[in-house]
Amino acid sequence: MKQVTKGQWNGYDTYILHSRELEITLLPRLGNNIISIRDLVQDRDVVRRPDEDDLAFYLQKPYHFGVPLLIPPGRIHRGQFEYEGVRYQFDQNTANDNHIHGLHRTQSWCVSDIEEDEDGCAITTELLTENEEHWMAQFPIPLKLEMTFSLQNAVFSQRLRVTNLSSTPAPFGMGYHTWFLLDGKPADWTLQLPVSGIYGQNEEQLPTGELESLGEWSTLNKGINLQGRNWDTLLKATEGEPATAYLRRQDGYTLKYSADEAFFKHWVLFTKGESDQFLCIEPYTWLPDAPNLALSDEQTGLIRLEPEQPVELFTRIEVIPPTDQAS
């Protein structure tokens with residue numbers, strides 16, 4: 001049961017990690033995205049999965065499905081900034097000629113390793129950005145990206161290892177735009193998330209750098225029902241507490257989403273209109289537009305990638321059964 005098998009989606013190879021509880025489908029050749037997390041016990045999709053006829057939309061906006069990786073996440077003012085004497089100009093792909101959601105889209109990653117044993121299974125993929133002309137035109141520092149996806153029972157883990165292959169320090173930020181499903185019943189779900197502030201944004205949805213009090217958002221710390229929510233909100237993770245979101249159904253079924261609190265300092269919550277089918281829970285390492293803000297790296301979460309000094313970033317999703325099924 002704990003093995004990796006191959007499949008296909010629209011003619012592209014997929015790799016499927018299996019356990020008794022979950023099936024995780026990876027699409028390496030189109031952005032290295034986890035396009036499906038299937039709960040075999042509950043017989044439900046955990047995240048938004050692209051159908052076969054969604055290919056055109058997926059190619060245009062791959063970050064609308066599954067657990068897409070954003071490098072970097074969020075908006076950048078006019079898509080440009082300067083760091084250590086190097087000028088960066090990202091595609092201006094949103095309103096007001098800003099940039100949104102990074103350079104990583106549908107690049108083809110290579111599978112470098114597969115592991116299977118009695119405890120679980122894992123697959124490792126890698127991408128060298130120097131082989132991606134459009135990426136290098138925007139971010140001229142070559143990076144080596146390695147991702148390891150691991151499945152043990154009902155726990156799915158992701159590790160991103162990033163290495164700066166140049167002799168010049170580079171700025172780095174990443175996040176996941178994770179599309180959790182609410183099954184059209186938002187009133188059945190609550191979200192608990194340790195947060196300490198909400199970031200002010202201007203009319204272009206760029207952070208102002210100011211941190212505002214939570215106000216009514218303070219209820220997130222104890223749990224807030226998802227009925228009638230319309231969110232596209234940027235929040236500060238509570239320092240000194242685990243960076244862990246709990247998405248709970250009324251019967252006790254829980255999706256526990258954890259990130260390394262040393263790096264993941266911000267969360268975005270997005271419902272794509274009034275809450276119905278989706279809640280995107282998005283852990284970010286950096287605050288959108290981080291290089292342009294008059295804040296310290298400690299505040300923004302901007303990671304300074306020193307040459308040849310890898311940084312590893314961990315997240316995990318655990319599926320906890322309903323109360324009456326828990327052992």
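This is a predicted model: local features need pLDDT of at least 70, side-chain atom pairs count only at pLDDT 80 or more; totals for chains, interfaces and linings use all residues.
**Exercise 1. Find how strands E12 and E13 pair, and over how many bridges.**

Solution. Strand E12 (residues 121-128) runs antiparallel to E13, and the two pair over eight bridges. Strands here are DSSP runs (E, at least two residues), just as helices are runs of H or I with at least four residues, and both are numbered from the N terminus. Two strands count as paired if DSSP finds at least two bridges between them.

Residues are numbered from 1 along each chain as its sequence is written, and side-chain values use heavy atoms, with hydrogens and water left out.

**Exercise 2. Describe the largest nonpolar core and the surroundings of Leu191.**

Solution. A nonpolar core is a set of buried Ala, Val, Leu, Ile, Met, Phe, Trp, Tyr and Cys residues joined through side-chain atoms within 4.5 Å. Buried means under 20% relative accessible area, exposed over 50%, and partly exposed in between (1.4 Å probe, protein chains only). The largest such core has 76 residues, and Phe172, Leu191 and Ile281 have the most contacts inside it. Strand E13 (residues 143-152) gives the most to this core, namely five residues. Next, set aside the neighbours of Leu191 within four places in sequence; its remaining contacts (heavy atoms within 4.5 Å) include Leu220, Trp231, Tyr246, Leu269 and Ile281.

**Exercise 3. Inspect the backbone at Pro72, Asn10 and Asn96.**

Solution. Begin with Pro72, in the loop between strand E6 (69-70) and strand E7 (75-76). A cis peptide bond joins Ile71 to Pro72, with omega about -10 degrees. Then turn to Asn10, in the loop between strand E1 (4-9) and strand E2 (12-18). Phi of Asn10 is near 55 degrees, a positive value in a residue other than glycine, and Asn10 is partly exposed at 26% relative accessibility. Finally, Asn96 sits in the loop between strand E9 (86-89) and strand E10 (99-100). Phi of Asn96 is also positive, near 65 degrees, and with a relative accessible area of 43% Asn96 is partly exposed.
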